[in-house]
Amino acid sequence: QQQGFIQISLTVYGEGERLLFLRDVTRLTQLEQMRQDFVANASHELKTPITVLKGHLENILSFSENLAPPIEKALNTMNNQTLRMANLVNDLLLLTRLDSEHNQTDHAINLPSFIEQAAADASELSASQNHNIVIDCQSDYWLRGSRSEVRSALNNLVFNAVNYSPAGTTVTISWHKTKRGAVLSVTDEGEGIEQHHIPRLTERFYRVDPGRSSEQGGTGLGLAITKHALARHEARLDIRSEKGKGSTFSCMFPESRLLSPEQVETEYSN
Ligand code: ADP
């Protein structure tokens with residue numbers, strides 16, 4: 001038995017007239033499914049050879065003594081490129097999971113503790129650059145959602161803030177209650193982004209400066225992952241930036257995703 005998909009839309013005109021559209025999107029949905037399956041299978045198949053390569057290269061580099069400098073340089077380059085491929089495959093697998101798994105289990109997320117962890121990871125990442133990482137949590141609301149997805153969204157924003165801003169500048173991570181929900185935001189004092197790039201930043205593989213992004217170990221998928229992970233929490237990503245001054249990436253969560261500490265105590269204590 002074949003499954004079919006129909007898209008229904010209703011348009012209402014002034015005097016109570018209505019136009020109902022029924023569109024058969026079965027073929028379109030099947031093609032989208034095939035695209036997702038292909039990316040998932042290809043990424044999955046690439047994972048094992050890349051892991052094997054990475055393991056051997058790491059062993060050779062750690063246990064071989066007195067390597068000739070050109071060989072050591074070539075091995076280091078191979079090691080870095082293999083790491084890039086591993087990151088890319090992991091990000092592709094994460095994106096396909098976000099596309100295809102629709103029934104994630106919700107947990108109560110204590111955002112300040114996530115933020116502290118993200119800040120600690122970022123400090124490690126920028127160890128030689130000495131970024132000043134500031135945490136500003138003014139809401140004791142928890143978030144109802146998927147831990148791994150919210151962690152990915154936050155980590156990508158913090159990773160970018162550190163990567164695209166010069167040594168010694170400040171990165172601020174904040175969590176605030178607003179009238180309609182709450183905002184998790186990451187602000188940097190980095191290079192900023194020209195306005196015309198902003199609407200395209202969350203597209204897969206879109207980069208302002210592809211060379212720079214690869215040099216920093218980016219995959220070009222971080223903001224696409226963040227946007228998808230947020231959409232699954234009915235949240236959206238707002239991007240404000242000024243060239244030469246810095247950027248703020250804000251995740252706007254609706255009220256329906258917030259949990260008061262009392263709710264966490266009574267509804268999520270197990
Ligand atoms: P990448 O892996 O290239 O960082 P992302 O999807 O995370 O991919 O980001 C897309 C592009 O957006 C980056 O290549 C970079 O040009 C730009 N970008 C993202 N975050 C920032 C930031 N905080 N400051 C300046 N540019 C940024």
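# Exercises on helices, pockets and a salt bridge

Helices H1 and H2 are roughly antiparallel to each other, a term that stands for angles over 145 degrees, just as roughly parallel stands for angles under 35, roughly perpendicular for 65 to 115 and oblique for the rest. The model is a predicted one, in which local features need pLDDT of at least 70 and side-chain atom pairs pLDDT 80 or more, while totals for chains, interfaces and linings use all residues. Residues are numbered from 1 along each chain as its sequence is written, and side-chain values use heavy atoms, without hydrogens and water.

**Exercise 1.** Describe how helix H1 packs against helix H2.

Begin by locating the two elements, which are DSSP runs numbered from the N terminus (H or I over at least four residues for helices, E over at least two for strands): H1 covers residues 26-63 and H2 covers residues 69-100. Next, take their axes, which lie 8 Å apart and form an angle of about 150°; axes are fitted to C-alpha atoms over the stretch in contact, and angles run from 0 to 180 degrees between N-to-C directions. Finally, sort the residues of the contact between H1 and H2 by class, which gives 16 nonpolar, nine polar and six charged, where Asp, Glu, Lys and Arg are charged, Ala, Val, Leu, Ile, Met, Phe, Trp, Tyr, Cys and Pro nonpolar, and the others, Gly among them, polar.

**Exercise 2.** Work out how H2 is placed relative to H6.

The axes of these two helices come within 10 Å and cross at roughly 25°. That angle makes H2 roughly parallel to H6.

**Exercise 3.** Find which salt bridge involves Asp99, and which parts it ties together.

A salt bridge needs a side-chain nitrogen of Lys or Arg within 4 Å of a carboxyl oxygen of Asp or Glu, and by this rule the count comes to twelve. In one of them the side chain of Asp99 meets that of Arg204, at 3.4 Å from N to O. Asp99 belongs to helix H2 and Arg204 to the loop between strand E7 (181-188) and H5, so this pair ties together parts that are 105 residues apart in sequence.

**Exercise 4.** Characterise the largest pocket by its volume and by its lining.

A pocket is an open set of points on a 1 Å grid with protein on both sides within 12 Å along at least five of seven lines, whereas a cavity is a set where a 1.4 Å probe fits but cannot get out; lining residues have an atom within 4 Å of a point. The volume of the largest pocket is about 880 Å³. Of its 42 lining residues, Asn156, Phe159, Asn160, Tyr164 and Gly222 lie nearest the centre. Helix H4 provides the largest share of this lining, nine residues, and by class the lining divides into 18 nonpolar, 15 polar and nine charged residues.

**Exercise 5.** Do the analysis again for the second largest pocket.

Its volume is about 190 Å³, and among its 14 lining residues Arg97, Glu101, Ser146, Ser148 and Glu149 lie nearest the centre. H2, H4 and H6 are the elements that give two or more residues to this lining, which divides into four nonpolar, six polar and four charged residues.

**Exercise 6.** State how many cavities of 30 Å³ or more the structure holds, and what lines the largest cavity.

The structure holds one such cavity, and the largest cavity has a volume of about 30 Å³. Its lining includes Glu149, Val150, His233 and Phe253. Helix H4 (147-163), helix H6 (222-231) and strand E9 (246-254) each supply at least two lining residues, with H4 giving the most, four. By class, the lining of this cavity has eight nonpolar residues, one polar and one charged.

Conventions
Grid points are joined across faces, edges and corners, and a volume is the space filled by probe spheres set on the points.
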